[in-house]
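Subject: Structure handover

Hello,

Here is the structure I promised you. Please open it next to this message and follow along.

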Amino acid sequence: MTNAPKIITSRRRLLLGAGAGAVALAAPSVWSPSRAAGKRIVVRDDGGIYTKAYGAVYYRPFTEATGIEVVGVQANAEPVAQIKTMVDTKSYTWDMAKISWPAIQLLTTGGKQYLEKHGLESEPVIKSIPAEYASPYGVATNVYTTVLAYRSDAFKGRKAPQSWADFWNVKDFPGRRSVRKHPFDTIEEALMGAGVPTAQVYPCDLDKAFASLDKIKSSVAVWWTSGAQVEQMLTSGEVDMLPTWVSRAQSAQAAGAPVEIIWNQGVWGADNWSILAGTPNADACREFIKFASDPKRQAALVEYFPAGLTQPEAFNYVKPDVARNCPTYPDNIKAGLKIDAKYWYDNQAAVIERFNSWILA
């Protein structure tokens, strides 16, 4: 995801106290110095706070432990076309990438595989990652969630929304609303807003979803198109409530805005470490993935942002008040809806076309 949060403020750092940042991390006994000499891997990440955090927690410690240099580079949220070009031309600007499930679906479905199978399923540090996050083409490293967020000052003295049904209820929950100008997540939210249980959202009943959207369309003050726009609106109070990537709401909170987050019915997916098919550095990438999947290392990320930790054991090293803000905190993940990447792979072109026509109508 490109919508990386801003650097968490010193206030959050103070809250962490002696938490994950103080954890001593053991170095792995991997590559010999002679084997690692001159080795370098280039890793695509989301930039911003992710590059900063990964550099401190993963990249530099991995180099110190193995001698293999790691270079982090930023690229588009779903760099599917770039990866295909590199693999087709065998010209590897990157060796591996942090990408979402839908991107993995696009790169591994069809006649040509653009990603390597990581083959790490039997490694203890990978086996401990829950099966619901697993893929043969990617090791889950972060879970992101789209949540309902609202300005608490807009609901002072009255009940605030706690679900998508409340968000859709413009009579009992009046206020300025903003909705993402894209069908991803918006279709799922519209169905839950119409009362569809999370377990029955997929496959999406599009007629029902668009009928639900019809009910709220005239009440939407802003159709948002970027995470930065969301953060600005929450911080300034331009709108009272909206669906957003949780990192943006958390950044607004860290900036001092009176913003509350509702984890109930959050729509979540995972970012994964994936290896480009044919890269000559695939083995070094596998070593990096094992290194970066260590629970204590994952836990150290919360010093920078409330990461969606994919190792349950990582929560043993995170203070409870910080853990509750992480997308994979047990109560948060249980209350949410897992994105069906296969549904969107099969239907995204038709749904996007219908959504764009509906917006213009």
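Two residues are in contact here when they have heavy atoms within 4.5 Å of each other. With that cut-off, serine 293 touches Val125, Ile126, Ile129, Val139 and Gln311, leaving out residues up to four places away in sequence. Please keep in mind that this is a predicted model.

**Serine 293**

Serine 293 sits in the loop between α12 and α13. Is serine 293 buried or exposed? Serine 293 counts as buried, because its relative accessibility is 1%, and the cut-off for buried is under 20%. Isoleucine 126 is 167 residues away from serine 293 in sequence, yet their C-alpha atoms are 6.8 Å apart.

**The chain as a whole**

The chain has 361 residues, and 53% of them count as buried. Its secondary structure consists of 16 helices and 10 strands. Take the contacts with a separation of 6 or more: 73% of them join residues 24 or more positions apart. The accessible surface is about 14800 Å². Carbon and sulfur atoms hold 51% of that surface.

**The cores**

In soluble globular proteins, nonpolar side chains tend to be buried together. Here the largest nonpolar core has 48 residues. Which of them touch the most other members? They are Ile41, Tyr58, Met96, Trp273, Phe288 and Ile289. At least two core residues come from each of β1 (40-45), α3 (49-66), β5 (139-151), β9 (259-276), α12 (282-292), α13 and α14. α3 supplies the largest share, 8 residues.

Beyond residues up to four places away in sequence, phenylalanine 288 touches Ile41, Tyr58, Tyr59, Phe62, Val70, Met96 and Trp273.

There is also a second, separate core, with 33 residues. Its members include Ala190, Met192, Tyr202 and Ile359.

**Helix α3**

α3 has 18 residues. From first C-alpha to last it reaches 24 Å, close to the 26 Å expected at 1.5 Å a residue. Where does α3 bend? The bend is at glycine 55, and it is about 55 degrees. Glycine 55 is also one of the buried residues of α3. Others on that list include Ile49, Tyr50, Ala53, Tyr54, Val57, Tyr58, Tyr59 and Phe62. After the helix comes glycine 67, with a positive phi near 85 degrees.

**Threonine 310**

Threonine 310 is in the loop between α13 (295-300) and α14 (320-323). Threonine 310 is buried, because its relative accessibility is 0%. What does its side chain pair with? There is a polar contact of 2.8 Å with the side chain of glutamine 298. A polar atom of the threonine 310 side chain also lies 2.9 Å from the backbone oxygen of alanine 140.

**Alanine 284**

Alanine 284 is part of helix α12. Alanine 284 is buried, because its relative accessible area is 1%. Lysine 39 lies 245 residues away along the chain, with a C-alpha separation of 8.0 Å.

**Backbone points to check**

- The peptide bond from tyrosine 202 to proline 203 is cis, with omega near -10 degrees. Proline 203 is in the loop between α8 (183-193) and α9 (206-217). Tyrosine 202 belongs to the second core.
- Aspartate 185, in helix α8, is not a glycine but has a positive phi of about 70 degrees. At 9% relative accessibility, aspartate 185 is buried.
- Glutamine 265, in strand β9, also has a positive phi, near 65 degrees, in a residue other than glycine. Glutamine 265 counts as buried at 14% relative accessibility.

Best wishes

How values were computed: Residues numbered from 1 in each chain as written. Predicted model: local features only at pLDDT ≥ 70, side-chain atom pairs only at ≥ 80, totals over all residues. Heavy atoms only, no water. Helix = DSSP H or I, 4+ residues; strand = E, 2+ residues; numbered from the N terminus. Buried < 20%, exposed > 50% of the residue type's maximum accessible area, 1.4 Å probe, protein only. Polar contact = N/O pair within 3.5 Å; in protein donor to acceptor, adjacent residues only side chain to side chain. Core = buried A, V, L, I, M, F, W, Y, C linked by side-chain atoms within 4.5 Å. Areas by Shrake-Rupley, 256 points an atom, 1.4 Å probe, with all protein chains shown as cover. Expected span 1.5 Å × (residues − 1). Bend = angle between axes of the 7 residues up to and from the residue.
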